[in-house]
Amino acid sequence: MVSFTTKNLTALPVLFVFLLLASGPVPAGAAEPGSAIPDPAAQREIIRRRMEAVTDRVVRQYLFDLPEGMARPDVLVIIGALYEMGRLGDANPVRAEELYIEAAKLDSVEAACSLGNLYQHGAESAFGVIPRDPARSREWYRHAAERGSVKAMVELGNIYTDGQDIDPDAKLGLKYFLDAAKYANATALDRLEPVIRKAKEWEEARPGRDAGFPTSKEEIIDKALVQEFIDVNFYLEQVASKVYVELSRRIAAEFKE
């Protein structure tokens, strides 16, 4: 899964589908007045399949004609995550995998991390099974780490240090942790050092007050790691919100027809 969260996204699709059905036309297979009561399970399956078809059609059209300013690899990863988490109907890790792979071919680092996570944990749904594949997971994490992903470096550090599905290798695990710290230091230290300096001045002006600011280079590097995650996640959250709301609107409109 991607490193960003979607807890702030408005939960629309599943709810509005049933609200729309209440006021829309009777779906194929529903009972006419005076006829036998239809099987609820069969009705749910009709709704699920229709939802699946509409969602797939809307997503394909959206990807075919992306709004201006939307980067295709980022959108592919975001939609893949929505499929994986079941935000566009039933969870569909198989479709998510397809979208992640397409984005990875466009050199998306986030897609590589998402594939690493997907194969690390595996997934199962009505659409199929993505089996756990630790070796393949490490391969994708390495792919992302080589392209500067701090998240992938940290994941590999954990995998090798803890011996997750592999013989422990503390030396290699430490290497990945150090790589992550160096990368964060190179990209964020310059931005954070002025903040640390001002924080120290503020603390000196207010003796006895513990502001919780870092006071050493090591702590600055830790802050840099956190800041790198925040920067990436904030950007993806903004794009994800736009994509999710627009897809929800289009699915609702088409489902109602």
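What share of the contacts in the chain with a separation of 6 or more comes from residues 24 or more positions apart? The share is 62%, where contact means heavy atoms within 4.5 Å.

Colleagues, this is a predicted model, in which local features need pLDDT of at least 70 and side-chain atom pairs count only at pLDDT 80 or more, while totals for chains, interfaces and linings use all residues. Residues are numbered from 1 along each chain as its sequence is written, and side-chain values use heavy atoms, with hydrogens and water left out.

I begin with the overall arrangement. The chain has nine helices and two strands; these are DSSP runs, with helices being H or I of at least four residues and strands E of at least two, numbered from the N terminus. In order from that terminus, the elements read α-α-α-α-α-β-β-α-α-α-α. Of the 257 residues, 40% are buried, that is, under 20% relative accessible area with a 1.4 Å probe, counting protein chains only.

I turn now to helix H3, residues 72–84. Its 13 residues reach 18 Å from first C-alpha to last, close to the 18 Å expected, the expected span being 1.5 Å times one less than the number of residues. H3 is mostly covered, with 11 of its 13 residues buried; among them are Asp 74, Tyr 83 and Glu 84. Just after H3, Gly 86 adopts a positive phi of about 75°.

Finally, helix H6, residues 134–145, contributes the most to the lining of the largest cavity, with three residues. A cavity is a set of points on a 1 Å grid over the protein atoms alone where a 1.4 Å probe fits but cannot get out, and lining residues have an atom within 4 Å of a point.

Terms used:
Buried < 20%, exposed > 50% of the residue type's maximum accessible area, 1.4 Å probe, protein only.
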